[in-house]
Every structure is written in C-alpha cells, then in structure tokens.
Amino acid sequence: MSDEDIVMEVAKYSTQVVILTGGEPGLWIDEKLVDALHHEGKYVCIETNGTCLLPENIDWVTCSPKEGAKINLDRIDEVKVVYVGQDVSAYLDLSASHYFLQPCSCANTEEVIAYILQHPEWRLSYKLINFCKFLKKVEDIKRLSNGVALNNLFAREERLELPTPGFGDRCSTN
C-alpha cells in the first residue's frame, strides 16, 4: 500500500489513535506519512524493535527490543519486553517513561506478575484478548477456591498496575 492508500483507509475510521506495527515499521515510516495521519486528526504511535531511526513527529514510541540488538532511537516513551524468565535489568538502562513486561502467549502470567511485584519499576503489559482470557481464569479460580487462591496470587496487589486506557498514565494493551 502507498502512504496515500494507508491514510485513506485509516481516515474511514473514527478512532483517534493509530498504532503502526508489523514486521519492522521503522523500515518504511517517514515524516510525510506521519504528517498525513496527523492531518486526519490521528495520534500516531509506533511499536518498533528500535533498530531503525524514526521520524521525530511520531507521537508515542513503544520499543520492544530484541535481545542483543543495538537500539537506534532518539526517544522512547515505553519499553515493552516479552518476559520468559530472562534477565531484563539491562532494558532499564534505556531512557523511557514506562517499562512493561508482557507474558509470553499468556503461558507465564503468574510468573510475570510475581516478578513485577518484586521489581516495581516494571508494569504489566497484556494483549487485550489474553487479558480477557486471564480475567476469565481469575473468575474460575475465585469460583473454585472461594477467592483463597486469588488472594494468594495478588498478595501484594497494591504494587501491581493493570492495563488502563489513556495516554496520561498509559499502559500497553497490544
């Protein structure tokens, strides 16, 4: 698709937020495309692995770095790492406003939550579809255990921040 095709398609929808993802969007995004999306009243976000320089006019930058890759970004709003038990402390060296850990295919949600409770500089990132599945799982746990297991799982829930919409205190749900 050309930039014009992308903008025409996006303009059909009333959403105010556009998130550019897929493959590595930093390979094809330029200031002209971002300006055209802004002209349509869109707030432009990108989720990138951080290996490509980006246009400065992007509104929100999510960096999902690949292990060992060199980051070439001038600005990062949030770092998002899929957590599989690896040492993630080096990602805190990236200058960002927010740091998120995301479970791997919803298979290790409890492990990620436990890690975040021990490392409060991280917050939970969850794909919306997996979050809905997780909520169903929580409801199943509550139903089967009269809430006892749930209370143990979230023993320190005051430090856990679940995804909420908005950009003032944004957290990732994709």
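**Figure 1. Lys80 and Glu47 are a buried pair.** Both Lys80 and Glu47 are buried in this predicted model. Their side chains meet in a salt bridge, with 3.0 Å from N to O. The pair links distant parts of the chain: Lys80 belongs to strand S4 (residues 78-83), while Glu47 belongs to strand S2 (residues 43-48), and 33 residues separate the two.

**Figure 2. The largest pocket has Lys80 and Glu47 among the residues nearest its centre.** Let us stay with that pair and look at the space beside it. The volume of the largest pocket is about 310 Å³. Its lining is made up of 20 residues, and those nearest the centre are Glu47, Ser64, Lys66, Lys80 and Val82. Which elements give two or more residues to this lining? They are S2 and S4. Strand S4 provides the largest share, 3 residues. Sorted by class, the lining holds 5 nonpolar, 9 polar and 6 charged residues.

**Figure 3. Glu9 and Lys12 form a salt bridge.** Here the side chains of Glu9 and Lys12 meet, with a distance of 3.0 Å from N to O. Are these residues buried or exposed? Glu9 counts as partly exposed because its relative accessible area is 30%, which falls between the cut-offs of 20% and 50%. Lys12 has a relative accessibility of 60%, so Lys12 counts as exposed, the cut-off for that word being over 50%.

**Figure 4. Asp77 and Arg75 form a salt bridge.** The side chains of Asp77 and Arg75 meet with 2.8 Å from N to O. Asp77 is buried because its relative accessible area is 12%, and buried means under 20%.

**Figure 5. Cys45 and Cys52 are buried cysteines.** How many disulfides does the model have? The count comes to 0. Cys45 has a relative accessibility of 1%, so Cys45 counts as buried. Cys52 has a relative accessibility of 13% and therefore counts as buried too.

Notes. Residues numbered from 1 in each chain as written. Predicted model: local features only at pLDDT ≥ 70, side-chain atom pairs only at ≥ 80, totals over all residues. Heavy atoms only, no water. Salt bridge = Lys/Arg side-chain N within 4 Å of Asp/Glu carboxyl O. Buried < 20%, exposed > 50% of the residue type's maximum accessible area, 1.4 Å probe, protein only. Helix = DSSP H or I, 4+ residues; strand = E, 2+ residues; numbered from the N terminus. 1 Å grid on protein atoms, 1.4 Å probe; cavity = no way out; pocket = protein on both sides within 12 Å on 5 of 7 lines; lining within 4 Å. Points joined across faces, edges and corners; volume = space filled by probe spheres on them. Nonpolar A, V, L, I, M, F, W, Y, C, P; charged D, E, K, R; others polar. Disulfide = S-S within 2.5 Å.
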